[in-house]
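Have the structure open beside you as you read.

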Amino acid sequence: MLVAVLPGDGIGPEVTAQALRVLDALALPDLTFEEGLVGGAAYHAKGHPLPPETLDLARRADAILFGAVGDPTCDNLERALRPEQAILGLRKELTLFSNLRPAKMFPELAEDSTLRREIAEQIDLLIVRELNGDVYFGEKGMRQTADGLREGYDIMSYNEAEVRRIAHSAFKAAQARRGLLCSVDKANVLETSQLWRDVVTEVSKEYPGITLSHMYVDNAAMQLVRNPGQFDVIVTGNLFGDILSDQASMCVGSIGMLASASLDVNGKGLYEPIHGSAPDIAGQGKANPLATILSAAMMLRFSLGQAEAADRIEAAVAKALAGGARTADLGGVMSTSAMGDAVLAALAA
Ligand code: NAD
Ligand code: IPM
Ligand code: MN
């Protein structure tokens with residue numbers, strides 16, 4: 001099995017290095033790693049954030065372990081050359097439409113949540129975010145209005161096949177969990193969301209065991225901090241899922257804790273922390289590597305048929321936290337590599 005490793009920018013290489021140490025320690029047979037350039041790093045070296053050889057590596061690989069992209073020195077490049085286009089391009093080119101972002105409270109971190117302990121402790125939810133459509137991939141541009149004003153525009157749309165595909169992912173995920181699915185949209189205002197709601201409701205007929213509810217996104221943002229324990233699986237579009245997942249991450253203690261899987265119909269996947277390149281702390285050894293380490297566990301489980309090894313990583317993370325391991329985002333002083341050490345020690349114990 002081949003794993004493409006795409007560390008990217010900022011803290012991406014720092015956190016990816018720790019995930020690779022953990023994977024190495026498991027000494028899994030028949031697992032090879034090949035590294036590629038992506039994001040700003042690829043732009044500076046090759047003139048493009050997603051060079052053809054990186055895309056080719058991603059296509060050849062059985063799974064992709066991704067760090068983060070984003071480089072402030074690239075923020076004024078034409079959009080097609082910006083680092084973020086690399087992750088968007090990989091998601092689109094490989095049809096990674098189903099983005100699973102689990103948020104579960106590690107009991108040891110209940111004091112790190114900005115929510116009160118008794119509320120935070122209830123959190124065990126999964127955001128299923130559509131990743132190939134929405135306002136992200138519609139026509140966009142800058143134009144002039146009739147009276148000469150600059151105007152930016154981004155077209156939001158979903159067709160019914162796109163909604164049906166992600167709805168099936170979400171209903172199946174709910175079947176493997178507590179059987180509750182909440183579809184989040186803005187159907188009171190957006191036609192895109194009305195279609196979303198209609199199609200999710202149609203698909204629900206095929207899943208009689210699942211309890212489907214619908215919620216407007218503004219209410220969902222509020223409910224996520226009021227009573228996050230009410231949620232089991234949330235299914236939502238690309239933009240709403242992006243925002244709600246950063247919010248959910250803080251509810252469970254830190255953005256440095258949330259892992260993700262982005263899957264195609266066959267279960268091939270790209271695995272990445274939900275956070276970005278964190279330019280404000282890059283190069284300082286402060287980043288929490290746990291989201292990436294937990295993403296590697298998801299990779300073993302979903303794409304590499306190594307559920308037992310995935311369990312071992314997750315147990316080691318829990319054990320390291322129980323032993324008091326904390327990076328700065330979790331109120332501690334541990335460096336990125338010291339947190340890696342703590343997970344390795346827990347794995348060996
Ligand atoms: P960010 O997620 O990079 O950082 C937000 C805040 O969280 C920062 O204060 C950062 O220091 C902190 N943080 C993030 N990850 C952390 C970690 N592992 N440990 C400790 N603290 C952590 O979001 P941003 O600042 O809005 O974006 C920075 C760049 O990253 C931008 O270029 C953006 O486009 C990009 N980005 C990329 C991805 C991706 O590669 N998938 C995701 C989000 C943002
Ligand atoms: C994420 C990021 C990306 C997104 C950006 C970097 C394109 O925020 O993975 O959550 O918006 O999907
Ligand atoms: Mn995001």
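H1 crosses H12 in the right-handed sense, where right-handed means that the near helix is turned clockwise from the far one by less than a right angle, and left-handed means anticlockwise. Helices, like strands, are DSSP runs numbered from the N terminus (H or I, at least four residues, for helices; E, at least two, for strands). Here H1 covers residues 12–26 and H12 residues 336–348, and the two pack at an angle of about 15° with their axes 10 Å apart. An axis is a line fitted to C-alpha atoms, for helices over the stretch in contact, and angles run from 0 to 180 degrees between N-to-C directions. H1 and H12 are therefore roughly parallel to each other; the classes are roughly parallel under 35 degrees, roughly antiparallel over 145, roughly perpendicular from 65 to 115, and oblique for the rest.

Before going further, a word on the ground rules: this is a predicted model, in which local features need pLDDT of at least 70 and side-chain atom pairs count only at pLDDT 80 or more, while totals for chains, interfaces and linings use all residues. Residues are numbered from 1 along each chain as its sequence is written, chains are lettered from A and ligands numbered from 1 in the order in which they are written, and side-chain values use heavy atoms, leaving out hydrogens and water.

Which residues of H1 meet H12? On the H1 side they are Glu14, Gln18, Arg21, Val22, Ala25 and Leu26, and they face Thr336, Ser337, Gly340, Asp341, Val343, Leu344 and Leu347; contact means heavy atoms within 4.5 Å. This contact has 6 nonpolar, 4 polar and 3 charged residues. Nonpolar covers Ala, Val, Leu, Ile, Met, Phe, Trp, Tyr, Cys and Pro, charged covers Asp, Glu, Lys and Arg, and the others, including Gly, are polar.

H1 also packs against H10 (residues 290–302), with axes that come within 8 Å and cross at roughly 45°. That makes H1 oblique to H10. Their contact includes Val15, Ala19 and Leu23 of H1 and Ile293, Ala296 and Met299 of H10, and it divides into 9 nonpolar, 3 polar and no charged residues.

Now step back to the domains. The assignment, automatic or from a database, gives domain 1 (1–104 + 254–349) and domain 2 (114–251). Their centres, taken over C-alpha atoms, are separated by 24 Å. Between them they bury about 1,900 Å², 59% of it on carbon and sulfur atoms; buried area is the accessible area (1.4 Å probe) that two parts lose on being put together, summed over both. Phe97, Arg101 and Ala103 supply 32% of the area that domain 1 buries against domain 2, more than any other three residues.
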